Amino acid sequence: MTTLRALVGRADLNLRFLTAADEQRYGDRQVNGAVQPDLPLDELCRRSELVSDNGPLRAFLVLLSPAIEDEFLGLLADLGVAGVVLRSNWKSGDPPPAPWAAAARRHGLPLLVMPDDGIWASAAINVAILDERRHEDHHTSHFLRDLQREAARPEGLARLLELVAKLVGGYAVLVDRSGHPESDHSRVPDGLLTQVADDIRRVAAGRISSASVSLRGAAVHVLPIDSVDPPVVLVVGRRSSFTPAERRLVADAARLIGMRRRLDELARTQQRVGEVDLQNREVVLHLLMTGHLPAARRAASALRPELADVIRVHLVEGPKETRDQLVSRCVEATDDQAWIIRCPLYSNHVIVLAPVLLPPPYHDDKDGMPLDRLSRALRELVPLHDDVSVGASLPVSLADTPVGWGQAYHALAVARNSAERFARFNPQASIADLLGPDGDQWARAKLRPLLHYRPDRPQDPDAGELTETLRSWLTFSSSAARLLKIHRNTLSSRLRRIESLLGCELADLVTQTELNLAMQLLGTSDEQERPTDITLNGLLDHDHVREWADDQLRPFFQRESLLLLDTLRCWLDNNASLKAAATRLGISVPGVRKRLLRVEELTERSLLGAPSVRYDLWIALRVHDRSHP
C-alpha cells in the first residue's frame, strides 16, 4: 500500500509535510487516493457522516485551500482521512503558520502542503499513487519469487533470513523463547534482544500474535514461526520504521521461514533415524560375525526385513562417495527383501544378506547365474552402472555369515577384474575339512593358554573375547577394531596380551598362518581334549592334504605362471611385505602388486585385501615343497 512517506518522497509532486515532526509521526499512514471536493466543506463532511465507517474519505488525502477552520479539521479527522493537503505557495524554509500546526497536533491529523495547481493537484497525486502501487506489486512479486527460490536451496533457512534482512535494510534472526539466537546474529545491535525479551516470550507463548517495538527511533518486529515446537520467533529490525508493505512481506516471509525450518528439522530427524538404523544394522552384523545368532535375531526383530535362515552374502562395491545411492539401488533391486548393511570395514562396500528363496538343493545355472531371484536382481544391477561390481557367496546358513562374507569377498576380487563385474564364489576343498579329529586336538593344544585364560580383573577381556579378537584380527587385520566396535588402542592391547599368553609374535606370517589354521580347526570334533604330541608337519603329512595343496597351486602350473609363483613365494617369505619383496626381486613395489593381482585372477581369491587367501597358499607351498624337495 502507498504511504504518505512514499508520496512525499516523489520529486514530481513537490508534496511536503507541514512540519518535520509530522513525517516521523504520520509517514507510514496508508493512502488510497486523493480528492479535491467541489462541495462546500461542511456539506462534504455531512454527507460523509451518513455512510458507513468505511466511507468514501477514509484513507484519502483531502486537498483544501489554506482558509480552513479548526472545526472542519476535527470533522475530517473523525472521518478517518489520511491527511489534509493545503494548496498553497508556502515555502519549506518559512516557519509553519501557528494555527495550522496547533490544529494538526490537536486533532492528530497530518497536514501537508503542495503548490496550488488547480484541479490538476489531486490528479497528480492519484497518478503517483497508481505508479507506487505498480512498483510495489512488482517489488512484492519479485521478492516472493526470491523467497520461494531461496527456500528450496541448500542452506535455505539462512538464505531466507539474509533475504529478509536485505529487504528491510537491517537484520533478521531466529530466537528461542528464552531470547537465545538460533541463527547468525552478528548484525543485531548489542543488548537489543534483552530489551525485547518480554515481547519475545509473549509471542512465543502465543499470548499475542506479534509485537512491534520502537527503541530510540529503531523499529523491531517480533513474529511467530508457524507451529514449531519448541516455539521460535522471528525478530526483524532496522533503524527506521517499517512501511505497511514491508510488514506484510516480512509476515509472508515468516511463514516460509517456518516451513523451511520444519523441513530442516524433519531432515535432521530422518538423519538421526538413519544413523540409529545404521548402528543397529552394524550391531546385528557384529553379532552374526561373532557367532551370537540368537542375540542377532533379537536385535534384528525391530528392523525389516527379517533375517532368513539361509542366505547368500553379496558384497556390492562402488565409489565410496556415492555409497548411500548404492544402498538405495540395492534396496530397489531386491524389492526391500534383503538385509542391507553399509560395510563397517570398507567404505566402498555394501553388504547384502539376501534370503535364498528356493528350496534345497541350491544350484546355479551352467553360466554361474544364481537361480534365486534376489541374487539375479543384484547381478542385473551391474550392467546398469559402470562403477559397480558384485561378489556373491554360496548359499550358507545364517550362522555361517562369516563364511559367506569371506566367500563373497573372494568372489568380489574376481568380479572387479572381469568383464561381467559379477562373480560367484568358486568352491574348493577347505584344509580344515581334511584334518579330522587330530586337527581339533592340535588346535586345542596350540591355543590352550588362550582358551584357559582367566583375567585378573573383572573388567579385563576374558578368554572368549580374546579368542574372538584373534579370530577377527587374523581375518581383517587392523580393520578388526571397527568390526569389534573397539578402539584401535584396545585392539593393540589385546593383541599384546595374546602374544604374551601364546609366547609368539603375531607380526610373523608363519605364526599368523598356524594360528589361523588352529582357529579354523577349533571345535571341528566332538572328542574330549586329550594329550597329544602331534606337530603341524605331522598333521599335514597325508595324501589328501598333498592333493589339496596341488589343487591350490595347479593354476600356476597349468598356465606356466612360474614367475607369478616365484613372486608369491618371495612375498610370503617376507611376511607379505610388498616393499621387502620388491627389494628381494629387484623390481618396483607397483610391479610386485601387479603380479600379485594376477595371482588373484589365477586363484579366484583375494590376496592383498582382507580376508586373504595368503594363509592357504602358505600351507600349500609348505606341503608342496616337502613333497617335492
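Helices (H or I, at least four residues) and strands (E, at least two) are DSSP runs, numbered from the N terminus. The model described here is predicted, so that local features need pLDDT of at least 70 and side-chain atom pairs count only at pLDDT 80 or more, while totals for chains, interfaces and linings use all residues. Residues are numbered from 1 along each chain as its sequence is written, and side-chain values use heavy atoms, with hydrogens and water left out.

**Cavities**

Cavities and pockets are found on a 1 Å grid over the protein atoms alone: a cavity is a set of points where a 1.4 Å probe fits but cannot get out, and a pocket is an open set with protein on both sides within 12 Å along at least five of seven lines. Lining residues have an atom within 4 Å of a point. Grid points are joined across faces, edges and corners, and a volume is the space filled by probe spheres set on the points.

Two cavities of 30 Å³ or more are present in the structure. The largest cavity holds about 40 Å³ of space. Its lining consists of Q428, D551, Q552, P555, T603, R605, V613 and L617. Helix α21 (residues 543-558) contributes the most to this lining, with three residues. For the class counts, Ala, Val, Leu, Ile, Met, Phe, Trp, Tyr, Cys and Pro are nonpolar, Asp, Glu, Lys and Arg are charged, and the others, Gly among them, are polar. On that basis the lining of the largest cavity comprises three nonpolar, three polar and two charged residues.

**The largest pocket**

The largest pocket has a volume of about 1200 Å³. It is lined by 36 residues, of which P402, V403, G406, S430 and Q520 are the closest to its centre. Helices α14 (401-415), α16 (463-476), α19 (509-521) and α25 (614-627) each provide at least two lining residues. The lining of the largest pocket divides into 17 nonpolar, 14 polar and five charged residues.

**Helix packing**

Two packed helices are described by the angle between their axes and the distance between the axes. Axes are lines fitted to C-alpha atoms, for helices over the stretch in contact, and angles run from 0 to 180 degrees between N-to-C directions. A crossing is left-handed if the near helix is turned anticlockwise from the far one by less than a right angle, and right-handed if clockwise.

| Helix pair | Angle | Axes |
|---|---|---|
| α15 (residues 436-451) and α18 (residues 488-502) | about 120° | 8 Å apart |
| α16 and α19 | roughly 120° | within 10 Å |
| α22 (residues 562-573) and α24 | about 110° | 9 Å apart |

Angles under 35 degrees count as roughly parallel, over 145 as roughly antiparallel, 65 to 115 as roughly perpendicular and the rest as oblique. Contact means heavy atoms within 4.5 Å.

The axes of α16 and α19 cross at roughly 120°, and α16 is therefore oblique to α19. The crossing of this pair is left-handed. T467, L470, R471, W473 and L474 of α16 make the contact with Q512, L515, N516 and M519 of α19. Five nonpolar, three polar and one charged residues take part in the contact of α16 with α19.

Helices α15 and α18 are likewise oblique to each other, and α15 passes α18 in a right-handed crossing. Here K446, L447, P449 and L450 in α15 meet I498, L501 and L502 in α18. The contact of α15 with α18 has six nonpolar, no polar and one charged residues.

Helices α22 and α24 are roughly perpendicular to each other, with α22 passing α24 in a left-handed crossing. On the α22 side the contact involves L563, L564, T567, L568 and W571, and on the α24 side V592, R595, L596, R598, V599 and L602. The contact of α22 with α24 comprises eight nonpolar, one polar and two charged residues.

**Backbone features in loops**

The peptide bond from A610 to P611 is cis, with omega near 5°. P611 belongs to the loop between α24 (589-603) and α25. N14 is not a glycine, yet has a positive phi of about 55°. This residue, N14, is placed in the loop between α1 (4-8) and β1 (16-17).
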